[in-house]
Amino acid sequence: MNTSELQKVKQRYNIVGNCDGLNRAIDVAMQVAPTDLSVLIIGESGVGKEIIPRIIHDNSPRRREKYFAINCGSIPEGTIDSELFGHEKGSFTGAIGESEGYFGVANKGTIFLDEVGELPMATQARLLRVLETGEYIRVGGQKIMKTDVRIVAATNVNMRKAISEGRFREDLYYRLNTIPIQIPPLRDRGEDILLLFRLFAMQMAEKYHLPKIALSDEAKYIMLKYKWPGNVRQLKNITEQMSVLSQEREISGEAIHKFIPEDAESTQLATISSPGSHSYESEREILYKILYELRGNVSDLRRDMNSLRKQLDAARSATVDTSASNLPSIITDQPSATISSPARTAAPTVQDAVAEEISEPESLNLEDIGRQMVEKALERNGGNRKKAAQELGISDRTLYRRIKQYGLEK
């Protein structure tokens, strides 16, 4: 897409900004619009992901059909299947009539599923079937319904992590992610921050008949340095606050601190680790590393104890054999103090060693954080149970029992 066409799209949808990441997202949306491919829009909360599905629908062959934007996170889990796929009369309390659901009403059109990462697992299975076959069954019904709907989804969730934790179906992810579109966070858009500020300041001035606010050089530097965890939504809110509450129309560096937090963690740009360097996401990562090493030490101790037990068993057997061969003379000389000494004193030692070897792993089974260890191991190995079991130092069968115990089945 050339520059003039790109600017026309931005003007039509009131998009402000010239950063490469934003331009790339708009370009991909325009290229994929004429097709029926599924699109997954990825970006943090507040970056403006809802503009992209509108661009896709309006420039597609379906533009004259219906368009629905659905926030999956705002619909209760108990009713979301009914909302999406419809229900039959009397299928649940309050179902006084039948409903087509969004997939029925939007036939031939486009559905935008915002926050798709929040869908329950059962609903994900239904959605996967719609994507694969175009078929679904209403809640409480038996008849197979058909629909021809273009699906555009968006999420601010780390989908790879959600998959490894069993919160999102991997097969559904690949179905939705046919064409990925990444929306950059505001902190990575550079001068776009100031362009958006001017737009929001002008809108406030026109709407409420206020003198337009502007930024000093120091205030601009602070705006560009701030990390904007709330992205465009946060910038708009702060601009509106300054327009209404600030006495001066030129915002100085000192005045802007009344509206932007001075928390050092929030006002510094995010640092990126150099390739090959190792860093921990949190102190919990360090704890996991220590625990894995401790488990390895326990395994070594177990092997040593098993070796010692075999040596003691061999010594006891040799002692018993020797005592049996000398039994007649021993009974003749010392009837009451014969066999009790070597064999019976060795046995309790072996018993103690065995008991100690068995009980120690039980005392170190780390029940309080066992679930977190299993989850982390599965995440590290992309959900591969065999590799996760090897990393944890346990058998595949033991790992399977723990996955069932902690409710981690996918």
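Guide: Happy to! Let's start in helix H17 (residues 370-380), where Gly370, Met373, Val374, Lys376, Ala377 and Leu378 are buried. Buried here means under 20% relative accessible area, exposed means over 50%, and partly exposed lies in between, with a 1.4 Å probe and protein chains only. Helices (H or I, at least four residues) and strands (E, at least two) are DSSP runs numbered from the N terminus. After H17 comes Gly382, with a positive phi near 60°.

Please keep in mind that this is a predicted model, in which local features need pLDDT of at least 70 and side-chain atom pairs count only at pLDDT 80 or more, while totals for chains, interfaces and linings use all residues. Residues are numbered from 1 along each chain as its sequence is written, and side-chain values use heavy atoms, with hydrogens and water left out.

Now a step back to the whole protein. There are 19 helices and 9 strands, and 39% of the 410 residues count as buried. Taking contacts (heavy atoms within 4.5 Å) with a separation of 6 or more, 71% are between residues 24 or more positions apart. The accessible surface, from the Shrake-Rupley method with a 1.4 Å probe and, for residues, only the protein chains shown as cover, is about 23,700 Å², with 49% of it belonging to carbon and sulfur atoms.

Five of the strands deserve a visit. An open sheet is formed by 5 strands in the order E2-E3-E6-E1-E7, with parallel pairing. Strand E2 (67-71) and strand E7 (179-182) are the edge strands, each pairing on one side only. From one strand to the next the twist averages 15°, where axes are lines fitted to C-alpha atoms (for helices over the stretch in contact) and angles run from 0 to 180 degrees between N-to-C directions. Strands count as paired if DSSP finds at least two bridges between them; strand E3 (residues 110-114) and strand E6 (residues 150-155) run parallel and are joined by 4 bridges. Within that pair, Ile111 has Ile151 of E6 as its bridge partner.

Gly73 is partly exposed at 43% relative accessible area. Beyond residues up to four places away in sequence, Gly73 touches Asp114, Glu115 and Glu118.

On to the charges. Side chains of opposite charge can pair when their charged atoms come close. The structure holds 17 salt bridges, each defined as a side-chain nitrogen of Lys or Arg within 4 Å of a carboxyl oxygen of Asp or Glu. In one of them, Arg62 and Asp36 meet at 3.0 Å, N to O. The two are 26 residues apart, with Arg62 in the loop between helix H3 (51-58) and E2, and Asp36 in the loop between helix H2 (20-32) and strand E1 (39-42). Arg62 counts as buried because its relative accessibility is 7%.

Another salt bridge pairs Lys108 with Asp148 at 3.8 Å, N to O. Here too the pair links distant parts of the chain, 40 residues apart: Lys108 is in the loop between H5 and E3, and Asp148 is in the loop between E5 and E6. Lys108 is partly exposed at 44%, and Asp148 counts as partly exposed at 33%. Asp36, Arg62, Lys108 and Asp148 belong to one network, joined by salt bridges that share partners. Lys108 also has a positive phi, near 80°, in a residue other than glycine.

Trp228 is a further non-glycine residue with a positive phi, about 50°. Trp228 sits in the loop between helix H10 (217-225) and H11. With 0% relative accessibility, Trp228 counts as buried.

Last stop, helix H11 (residues 231-245), which contains Leu245. Leu245 is exposed because its relative accessible area is 56%. Together with Tyr208, Leu210 and Val244, Leu245 makes a nonpolar surface patch of about 390 Å². Patches are built from residues with over 30% relative accessible area and no salt bridge, joining like charges within 9 Å and nonpolar side chains (Val, Leu, Ile, Met, Phe, Trp, Tyr) within 5 Å.
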